[in-house]
Amino acid sequence: MSSTSRLRVAICGAGVGGLTFALALSQYPNIDIDIYESARQLTEVGAGIGIFPRPWKIIKLLGLEADLLKVTETRVVEGPVSAFRYRKSDQREGLEFFTLVTQGSLVLFHRADYQQTLLNHLPKRCRTYCSKRLRSYTQRQSGSIELLFEDGTTSSCDVLVGADGVKSVVRAGILGEKARWAQGEGRWKEAAEILTHVEPVWSGSNAYRALIPVEKLRAIAPNHRVLNTPGVQYLGKHGYIMSYRISGGKLVNFVAFISRHHLENTKFNGPWMSTVEPSAFASFFAHWEPDVQALIACVEKPMQWAIHTIRPMQSFISGRVALLGDAVSELYFLSCPEF
Ligand SMILES: Cc1cc2nc3c(=O)[nH]c(=O)nc-3n(C[C@H](O)[C@H](O)[C@H](O)COP(=O)(O)OP(=O)(O)OC[C@H]3O[C@@H](n4cnc5c(N)ncnc54)[C@H](O)[C@@H]3O)c2cc1C
């Protein structure tokens with residue numbers, strides 16, 4: 001690229017992956033960045049998010065550290081630090097058996113605060129378009145990529161990056177191209193295999209997420225471990241609960257996972273995300289230790305997330321189209337320890 005020519009990069013999806021990538025690209029003045037987001041406005045659904053030391057190094061390189069430190073209560077240190085305490089909790093008296101020590105802090109946030117900080121740092125020349133759901137793309141011989149949106153409008157770019165989450169339309173496009181090439185060369189079996197990666201599959205696990213006011217928890221369990229440690233994971237057979245304080249210590253992030261391993265790679269019947277009653281998961285944990293009962297007693301209107309994933313892919317690119325984030329990666333943290 002000459003010093004005057006400009007590269008037009010389109011990012012499909014403005015989740016944490018797309019926004020972080022846009023920020024990284026924005027350090028290069030010769031790149032024009034268009035972000036297309038299907039939602040009407042940029043709001044993060046969910047509760048807490050923890051950033052481990054390795055991605056935190058990238059956060060620092062992107063110049064986000066100072067502003068992110070304003071919206072976390074984690075005291076960030078560089079040396080060894082206790083990140084999570086692990087307990088065997090599916091019994092009346094829990095048993096602490098491990099402390100995860102990381103080389104540098106696990107930094108904990110409310111997702112909305114985290115995403116807002118990313119947005120605050122996006123320079124003006126990163127143009128963000130909401131209500132733009134990508135339907136498909138076409139790579140032209142000329143080099144440009146044509147984008148077609150659900151509202152019938154079109155656009156073009158030189159490079160397309162799909163950061164459009166687990167249901168990724170860009171992934172479907174990439175796999176469609178690869179399957180057509182294989183078919184063109186008579187490799188029918190390979191083409192059929194490639195297409196099995198288009199649709200996400202249910203992991204067999206559901207997550208139940210909620211935010212609990214710290215004072216509510218303190219009122220019923222003044223000595224609760226979550227109130228005085230960075231984070232606790234309560235583990236048991238076929239399930240676990242992760243909990244930590246966020247939002248300057250005002251809220252407790254609560255997420256409970258229940259895994260039905262025999263249903264892994266099957267189809268989930270029902271909405272992938274919905275508001276449910278605590279009874280949807282409380283009985284599973286009924287025999288667990290008192291810390292767990294106190295957390296569950298504080299949960300109101302939890303969100304149920306049916307955790308979907310995709311089968312591992314051999315390549316994340318096709319020509320000048322690439323994928324990142326949940327559009328391509330498997331969720332590593334869902335494997336539930338069994339005792
Ligand atoms: C319960 C739970 C807890 C987690 N905790 C952590 C944690 O502590 N730390 C951590 O690092 N990760 C955590 N993760 C994983 C993390 O949330 C995801 O990996 C991350 O959010 C993925 O970001 P993304 O930008 O790739 O995708 P998404 O966040 O899914 O964003 C995709 C974006 O693309 C948009 N989009 C979709 N389709 C289109 C389309 N066709 N056209 C235009 N836009 C489109 C969507 O509206 C969305 O805004 C957790 C996940 C779960 C389920």
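1. The chain comes in two parts: domain 1 covers 7-79 + 110-198 + 311-334, and domain 2 covers 80-106 + 201-309. Those bounds come from an automatic or database domain assignment. The C-alpha centres of domain 1 and domain 2 sit 28 Å apart.

2. Before going on, some ground rules. This is a predicted model, where local features need pLDDT of at least 70 and side-chain atom pairs count only at pLDDT 80 or more, while totals for chains, interfaces and linings use all residues. Residues are numbered from 1 along each chain as its sequence is written, and side-chain values use heavy atoms, with hydrogens and water left out.

3. How much area do domain 1 and domain 2 bury between them? About 2300 Å², with 62% of it on carbon and sulfur atoms. Buried area here is the accessible area (1.4 Å probe) that two parts lose on being put together, summed over both.

4. Now for what crosses that interface. The rule finds 1 salt bridge between domain 1 and domain 2, a salt bridge being a side-chain nitrogen of Lys or Arg within 4 Å of a carboxyl oxygen of Asp or Glu. There are also 9 residue pairs in polar contact across the interface, both residues at pLDDT 80 or more. A polar contact is a pair of N or O atoms within 3.5 Å; within protein, one must be able to donate a hydrogen and the other to accept it, and residues adjacent in sequence count only if both atoms are side-chain atoms.

5. On the side of domain 1 that touches domain 2, strand S3 (48-51) and helix H4 (111-121) each supply at least two residues. S3 gives the largest share, 4 residues. Helices (H or I, at least four residues) and strands (E, at least two) are DSSP runs, numbered from the N terminus.

6. Then there's the ligand. It is surrounded by 25 residues, and the closest are Gly17, Glu37, Gly50, Arg111 and Asp326; "near" takes a heavy atom within 4 Å. Gly17 has a backbone N or O atom 2.8 Å from a ligand oxygen, and for Gly50 the corresponding distance is 2.9 Å. Arg111 instead brings a polar side-chain atom, 2.6 Å from an oxygen atom of the ligand.

7. Across the whole structure, a search finds 18 salt bridges.

8. Last, have a look at Thr20, in helix H1 (residues 16-25). Leaving aside neighbours within four places in sequence, Thr20 is in contact with Leu62 and Leu118, contact meaning heavy atoms within 4.5 Å. The C-alpha atoms of Thr20 and His121 are separated by 9.9 Å, although the two residues are 101 residues apart along the chain.
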